[in-house]
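Reader: Could you take me through the fold of this protein? I would like to begin with the strands and how they are arranged.
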Amino acid sequence: MTIQRLEFVDLPDPRATTLFEISTIPGISGKGDTSYECPSCNSILLENIVSPDFTRIAFRCPACGSLSQMPDKHRRAPRPV
Ligand SMILES: [Zn+2]
């Protein structure tokens, strides 16, 4: 199991990104092998998920209110090259 930090995001683009208001910690728990923590307070927001599943979603941490999203390498490019 790996733990990665989410990346801070100021204001997600509403056309490209869904804002997921997390209400519990962890907000999502799955059967994958990677967990993601809040970049501000280190709370585990996404537990044991399959990494590429949650691209283009911003998460609001219930503990500190920070907005974050998946690190770049997991996000899909806006347009195929
Ligand atoms: Zn937090």
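Author: A term first: two strands pair if DSSP finds at least two bridges between them. The model is a predicted one. In it, an open sheet of 4 strands has the order 2-8-7-3, with mixed pairing.

Reader: Which strands stand at the edges of that sheet?
Author: Strand 2 (7–8) and strand 3 (18–21) do. Each has a single partner strand, so one side of each is left without a neighbour in the sheet.

Reader: How many bridges join strand 2 to strand 8, and do they run parallel or antiparallel?
Author: Strand 2 and strand 8 (residues 67–69) run antiparallel and are joined by 2 bridges. F8, for instance, has S68 in strand 8 as its bridge partner.

Reader: What holds paired strands together in general?
Author: Strands of a sheet pair through backbone hydrogen bonds, either parallel or antiparallel.

Reader: How many helices and strands does the protein have?
Author: There are 0 helices and 8 strands. From the N terminus on, the elements therefore read β-β-β-β-β-β-β-β.

Reader: Turning to packing, what percentage of the residues count as buried?
Author: Of the 81 residues, 17% count as buried.

Reader: Which residues make up the largest nonpolar core?
Author: That core has 11 residues in all: L6, Y36, C38, L45, L46, F54, A58, F59, C61, L67 and M70. Strand 6 (44–49) and strand 7 (57–60) each supply at least two of its residues.

Reader: And what share of the contacts with a separation of 6 or more comes from residues 24 or more positions apart?
Author: Such residues account for 51% of those contacts in the protein.

Key:
Residues numbered from 1 in each chain as written. Predicted model: local features only at pLDDT ≥ 70, side-chain atom pairs only at ≥ 80, totals over all residues. Buried ≥ 20, exposed ≤ 12 C-beta atoms within 10 Å, placed from the backbone. Contact = placed C-beta atoms within 7 Å. Core = buried A, V, L, I, M, F, W, Y, C linked by C-beta atoms within 7 Å.
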